[in-house]
Amino acid sequence: MLILQTLENGVLTLTLNRPEKLNAFTFEMVLELAQAVEEGHSKAQARVLVITGAGRGFCAGQDLSTFSVSGSVEETVQKTYNRLILAIANGDKPVITAVNGIAAGAGANLALAGDIRVWSSAARFTEAFSSIALIPDAGGTWSLPRAVGYHKAFELAALAEVLDPQTGLELGLCERVFAAENFALEVQAYAEKIAARPANALTLTKRAMRAGMTLRLEESLALEARLQAQAFEDPDHREGISAFLEKRVAVFPQTKAL
Ligand code: LHQ
């Protein structure tokens, strides 16, 4: 199994499983992960998806030892990495990339692709592509400039320097850093906190914000109004209001179902 799956308290964890290669991707493995993400978004018991790596690496990018493209490189990238990145971005559920160790090349851009990015204190990040005279793929030319601005993104791609978690936090490449010793437990607890939030509101927030990254203000405001109308109709909204007025903690229906 190239991708391990566990489901616990609403958290579906997908673990890249080639630890001896720092979870370097074969194309087969990218497809298996893309499929697991696509299926995860429609699994009723999964409210949050976590992508992480087995062993000391998160993902070292494309496996350079076995790599060969039989047909067109463009088509191969479209069918593999692009499918994966779109599955993360377009699916309804929040995706947390939990970067347990080195993230290099396409692995670094997978790390960036989550809705929330958490790193271990042992995580490292490098846009390794230029060292083998390639350009960032797996969405890096889109996500990196949005995360750090064009000029810093270009420098990171050009020099392929290895960044530590403190720098990752300062640059906005991740939201949180957890101690390496308890990383898996901390990630699970954090993901469960997200899972306990109102699911439909998070889905609509994801849609509005993902779209907002490429829309004009007028379009974004119009989309917000339309999706707010949907959120307004959800029983979670009424529960949130009641809980506030009754001075108690809100319990959202999907949380109760656990
Ligand atoms: C690896 C890899 C690896 C195979 C570590 N492959 N074995 C590319 C091509 C085509 C189309 C689509 O898109 C792409 C996208 C890309 O991702 S390009 C970028 C590919 N990745 C890289 O260039 C990173 C290469 N790896 C490294 O620079 C280092 O290994 C890093 C910085 C990741 C980790 O360094 P260390 O912590 O010093 O570990 P290590 O180098 O000793 O690696 C441990 C083992 O993992 C080692 O195997 P061995 O048998 O000697 O113990 C490495 O050969 C293997 N490994 N990355 N990408």
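How far does a backbone N or O atom of Ala60 lie from a nitrogen atom of the ligand? The separation is 2.9 Å, which places the pair among the polar contacts (N or O atoms within 3.5 Å; within protein, one must be able to donate a hydrogen and the other to accept it, and residues adjacent in sequence count only if both atoms are side-chain atoms). The model is a predicted one, in which local features need pLDDT of at least 70 and side-chain atom pairs count only at pLDDT 80 or more, while totals for chains, interfaces and linings use all residues. Residues are numbered from 1 along each chain as its sequence is written, and side-chain values use heavy atoms, with hydrogens and water left out.

A polar backbone atom of Leu64 is 2.9 Å from a nitrogen atom of the ligand, and a backbone N or O atom of Ala106 lies 2.9 Å from an oxygen atom of the ligand. Taken alone, the ligand exposes 1,000 Å², and the protein buries 64% of that area. Such areas come from the Shrake-Rupley method with a 1.4 Å probe; for residues, only the protein chains shown count as cover. Helices (H or I, at least four residues) and strands (E, at least two) are DSSP runs, numbered from the N terminus.

Leu134 sits in the loop between strand E8 (124-126) and helix H4 (140-148). Its relative accessible area is 48%, so Leu134 is partly exposed; buried means under 20%, exposed over 50%, and partly exposed in between (1.4 Å probe, protein chains only). Ala133 lies in the loop between E8 and H4 too, and Ala133 is exposed because its relative accessible area is 69%. The phi of Ala133 is near 55°, a positive value in a residue other than glycine. Most residues other than glycine have a negative phi.

Asn23 has a positive phi as well, of about 60°, although it is not a glycine. Asn23 is found in the loop between E2 and H1, and with a relative accessible area of 0% Asn23 is buried. Arg18 has its place in the loop between strand E2 (11-16) and helix H1 (27-41). Why does Arg18 count as buried? Arg18 does so because its relative accessibility is 11%. The side chain of Arg18 reaches the backbone oxygen of Ala24 at 2.8 Å. Leaving aside neighbours within four places in sequence, Arg18 has contacts (heavy atoms within 4.5 Å) that include Asn23, Ala24, Met29 and Asp63.

Charged pairs come next. Side chains of opposite charge can pair when their charged atoms come close. The whole structure holds 12 salt bridges, where a side-chain nitrogen of Lys or Arg is within 4 Å of a carboxyl oxygen of Asp or Glu. One of them joins Arg207 and Asp92, at 3.0 Å from N to O. This pair links distant parts of the chain, with Arg207 in helix H8 (residues 199-212) and Asp92 in the loop between H2 and strand E5 (95-99), 115 residues apart. Arg207 is partly exposed at 39%, and Asp92 is partly exposed at 32%. In another bridge, Glu246 meets Arg248, with the closest N and O atoms 2.7 Å apart. Glu246 is exposed at 52%, whereas Arg248 is partly exposed at 36%. Salt bridges that share partners also join Asp115, Lys206 and Arg210 into one network.

Val95 lies in strand E5, and Val95 is buried, with a relative accessible area of 0%. In sequence, Val95 and His41 are 54 residues apart, while in space their C-alpha atoms are 9.3 Å apart.
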